[in-house]
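Biologist: Could you walk me through this structure? I am new to it.
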Amino acid sequence: MQSPQVLLVLSVTLSLVTIGATDGGFCSAPSILDRETSSKPMYWKVTNPTLSPSHLQDLPGFTRSVYKRDHALITPESHVLSPLPEWTNTLGAYLITPAMGSHFVMYLANMQENARSALPPHDVERFIFVVQGSAMLTNASGVSSKLMVDSYTYLPPNFAHSLRAEGSATLVVFERRYASLENHITEQIVGSTDKQPLLETPGEVFQLRKLLPQAVPFDFNIHIMDFQPGEFLNVKEVHYNQHGLLLLEGQGIYRLGDSWYPVQAGDVLWMAPFVPQWYAALGKTRTRYLLYKDVNRNPL
Ligand SMILES: *[C@@H]1O[C@H](CO)[C@@H](O)[C@H](O)[C@H]1NC(C)=O
């Protein structure tokens with residue numbers, strides 16, 4: 001004989017078990033996140049983005065992308081791919097261009113098998129970071145370097161080079177007309193994020209690496225910034241430098257001007273000079289982003 005109390009306890013226990021086992025519900029979301037991030041390659045979210053919350057996926061016309069006078073958020077569902085001029089077997093998506101007010105371009109290049117890069121225009125320097133796959137970089141002396149995920153190269157203006165993809169590769173590329181200085185030249189650089197030392201960040205908690213030398217010849221740098229969930233920028237920055245940002249991992253809230261944007265891996269931000277900017281990392285995983293910043297030149 002079972003008492004009514006025992007039956008009640010049993011049915012409550014059963015319904016708890018049912019809720020816990022529901023896949024895709026709010027209750028199980030964190031464990032899915034943990035499982036996925038532990039078994040996937042680095043930066044996999046950039047090329048496999050969550051296009052929109054599931055309840056908005058089939059809503060016609062919905063996008064998180066925003067374009068304003070002093071900033072833009074370009075989310076993966078807005079990428080428009082087309083062949084990159086003179087590259088072979090490569091589709092590209094220009095995400096930040098001077099039409100927005102920037103002095104640089106930022107684009108994604110999706111190289112397929114047997115893809116080959118073309119050179120940037122005359123006097124234009126180039127920075128390339130690999131987010132998926134690998135590519136072989138060869139310079140004019142025929143010296144090759146294999147660029148894997150998380151590795152990068154800086155190519156000075158008018159520097160002959162070529163990239164070839166062996167399988168497929170996804171690159172994020174920055175190009176800018178070099179702001180030359182008398183008696184200074186830049187040199188080719190090949191490196192990877194994990195080989196760069198952590199730098200001091202007085203008054204801040206995030207971790208900072210710079211991918212290019214902090215030296216006068218360079219007119220920009222690329223920062224890699226890491227935030228643990230719950231960490232945020234202490235400074236509410238307003239400055240003359242401009243930024244192009246790619247979220248490589250994680251999610252959080254980016255404030256730009258008077259707008260507050262939920263952002264996640266795969267999202268790109270354009271920040272014009274003097275736009276108020278601030279970030280807080282949320283969720284269960286580290287945020288890592290890659291950030292272009294112009295430096296070392298008189299803005300006049
Ligand atoms: C090509 O790269 C190698 C190795 O870094 C370097 O020694 C050589 O000078 C480079 N060639 C040119 C033309 O820059």
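Predicted model: local features only at pLDDT ≥ 70, side-chain atom pairs only at ≥ 80, totals over all residues.

Biologist: Which residues are around the ligand?
Modeller: They are Asn 139, Ser 141, Val 143 and Phe 159, where a residue is near if one of its heavy atoms lies within 4 Å. The protein covers 42% of the 360 Å² of accessible area that the ligand has on its own, by the Shrake-Rupley method with a 1.4 Å probe, and for residues only the protein chains shown count as cover.

Biologist: And how far is the polar side-chain atom of Asn 139 from an oxygen atom of the ligand?
Modeller: That distance is 2.3 Å, and an N or O atom in the side chain of Ser 141 lies 2.6 Å from a nitrogen atom of the ligand.

Biologist: New topic: where is Val 238?
Modeller: Val 238 sits in the loop between strand 12 (220-227) and strand 13 (243-249); strands are DSSP runs (E, at least two residues), numbered from the N terminus.

Biologist: What joins strand 13 to strand 18?
Modeller: The two run antiparallel and are joined by 6 bridges, and His 243 has Lys 293 in strand 18 as its bridge partner. Strands count as paired if DSSP finds at least two bridges between them.

Definitions and conventions. Residues numbered from 1 in each chain as written. Heavy atoms only, no water. Polar contact = N/O pair within 3.5 Å; in protein donor to acceptor, adjacent residues only side chain to side chain. Helix = DSSP H or I, 4+ residues; strand = E, 2+ residues; numbered from the N terminus.
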